[in-house]
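Here are my notes on this model. Please keep the structure open beside them and look up each residue as you go.

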Amino acid sequence: MIPVGFEYSRPDTVDAALALLAEHGEDATILAGGHSLLPVMKLRLAAPEMVIDIGRLAELNYIRVDGDEVAIGGVTRYRDLVISDVLAAECPLLPAVARTVGDPQVRHRGTLGGSLAHGDPASDLPAAVLALGGTVVLRSPRGTRSVPITEFYTGVFSSVKEPDELVVEVRVPRTGTAGWAYEKFTRRSNDWAIVAVAVVDGRVGLVNMGSTPLRASATEAALAEGKSVEEAAALADVGTEPPADNAGTPEYRRHLVKVLTKRALTTAAGISAPGA
C-alpha cells in the first residue's frame, strides 16, 4: 500500500527538530532508520501529517566513554555498534546483540534510539539494554531527563516518552570483563526472535515474552540468593505473558525461555554445557 500524504522535513540540528515537534505535536513523527515507521505507514496504521527526519544529525551519532558508562547517541546505527572498539572493550554484549539484528541493510539503517523508542517486545536491543541496566536520555523544549530503561516501557509499543521528546542518548554501564551471553532462537537467521535472552552481570533481559521488553526478575532474584543456574533458569517465565502466533504458543515460549536462559547463564558464567 501507499502511505497517506505527509509533509517531510530534515532539520540540521536537534533544536530545530524539537521546534518542529513542538509546532506539530501529535501530528508529527520522528524518522531515524525508518525500518519500523515506514512499514506501519504503508499499512496506514500510522498517518502522521509531518515526518521529521533526524537520521543524519551528526550530533546524535557517537559512542564514547563517560565515567563509569558508555554514552551512545540516539541515531547511532546498529552497524556502528557492531564495529565499535569502545563497545568491544567496555560493553561487549551490545555489539554482539546488534550483530544478530536483521541483515546488513537493516543494520546500516536501523538506530539504537529508534529501536528503543519503538518498543517492540520482539526486538533484540531493548532486551540488551534492559540486561545492561541502561538509561534512556530524553530531550524536549522543556529540558532533558534521564529514565532508567526499567521504567521506560508502559505497554505495547508505548513508553513514558512524550510526543515532544526525542531519544537523544542511551547510557549503559561499562561491564568490561563481566560474563555475558545472548541466546536467540529463530526459524531463519533474519527473522524476529521467537524468544531470546540477554544476560550480563546477573541481569536477564527477555525478548518476545510479554507486551513490553522485560527482565526475568525471578531468575535474577534466584541468582542473587545463590541458587544454581538450573534453579534460576527454571524461573525465567515467571511473571511473563508470552504471545501466541504462527511461530509458537505461549506454552512453547515458556519452555523455550527456560532452555535459552540456562544456556545464556551457563555461557556467562564460563561453564561448559554438557556435550558442548
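Which helices and strands each supply at least two residues of the lining of the largest pocket?

1. The elements around the pocket. This is a predicted model. On the helix side, the elements that each give at least two lining residues are α2 (37–42), α6 (104–109), α7 (112–118) and α8 (124–132). On the strand side they are β2 (28–31), β9 (158–159) and β10 (166–173). The largest share comes from α7, with 5 residues.

2. The largest pocket holds about 1,500 Å³ of space. Its lining has 49 residues, and the closest to the centre are Ser36, Leu37, Gly114, Ala117 and His118. By class, the lining has 23 nonpolar, 18 polar and 8 charged residues.

3. The second largest pocket. This one holds about 150 Å³ of space. Find its lining in your view: Asp120, Pro121, Ala122, Trp192, Asn208, Pro243 and Asp245. That lining divides into 4 nonpolar, 1 polar and 2 charged residues.

4. Salt bridges, and one to start with. The structure holds 14 salt bridges. In one of them, aspartate 15 meets arginine 139, with N and O 2.4 Å apart. The partners come from distant parts of the chain, 124 residues apart. Aspartate 15 is in helix α1 (residues 14–24), and arginine 139 is in strand β6 (residues 135–140). Arginine 139 counts as partly exposed, because its relative accessibility is 25%.

5. A bridge between two strands. Arginine 171 also forms a salt bridge, with glutamate 69, and the closest N and O atoms are 2.7 Å apart. Arginine 171 lies in strand β10 and glutamate 69 in strand β5 (residues 69–73), so the pair ties together parts that are 102 residues apart in sequence. Glutamate 69 has a relative accessible area of 25%, so it is partly exposed.

6. A network. A network of salt bridges links Asp66, Glu69, Glu169 and Arg171.

7. A bridge between a strand and a helix. Lysine 184 and aspartate 124 meet through their side chains in a salt bridge, at 3.1 Å from N to O. Lysine 184 lies in strand β11 (residues 180–185) and aspartate 124 in helix α8, so this bridge ties together parts 60 residues apart in sequence. Lysine 184 counts as partly exposed, because its relative accessibility is 22%. Aspartate 124 has a relative accessible area of 5%, so it is buried.

8. The largest nonpolar core. How many residues does this core have, and which of them have the most contacts inside it? It has 37 residues, and those with the most contacts inside it are Ile72, Leu93 and Leu94. Elements giving two or more residues include the helices α3 (78–83), α5 (93–98), α7 and α8. The largest share, 7 residues, comes from α8.

9. A closer look at isoleucine 72. Leave out residues up to four places away in sequence. Isoleucine 72 then touches Tyr62, Ile63, Leu81, Leu87, Leu94, Leu112, Val168, Glu169, Val170 and Val172. Glu169, one of these contacts, is also part of the salt-bridge network.

10. A second core. A separate core has 21 residues, including Ala181, Val195, Leu206 and Ala233.

Notes
Residues numbered from 1 in each chain as written. Predicted model: local features only at pLDDT ≥ 70, side-chain atom pairs only at ≥ 80, totals over all residues. Heavy atoms only, no water. 1 Å grid on protein atoms, 1.4 Å probe; cavity = no way out; pocket = protein on both sides within 12 Å on 5 of 7 lines; lining within 4 Å. Points joined across faces, edges and corners; volume = space filled by probe spheres on them. Helix = DSSP H or I, 4+ residues; strand = E, 2+ residues; numbered from the N terminus. Nonpolar A, V, L, I, M, F, W, Y, C, P; charged D, E, K, R; others polar. Salt bridge = Lys/Arg side-chain N within 4 Å of Asp/Glu carboxyl O. Buried < 20%, exposed > 50% of the residue type's maximum accessible area, 1.4 Å probe, protein only. Core = buried A, V, L, I, M, F, W, Y, C linked by side-chain atoms within 4.5 Å. Contact = heavy atoms within 4.5 Å.
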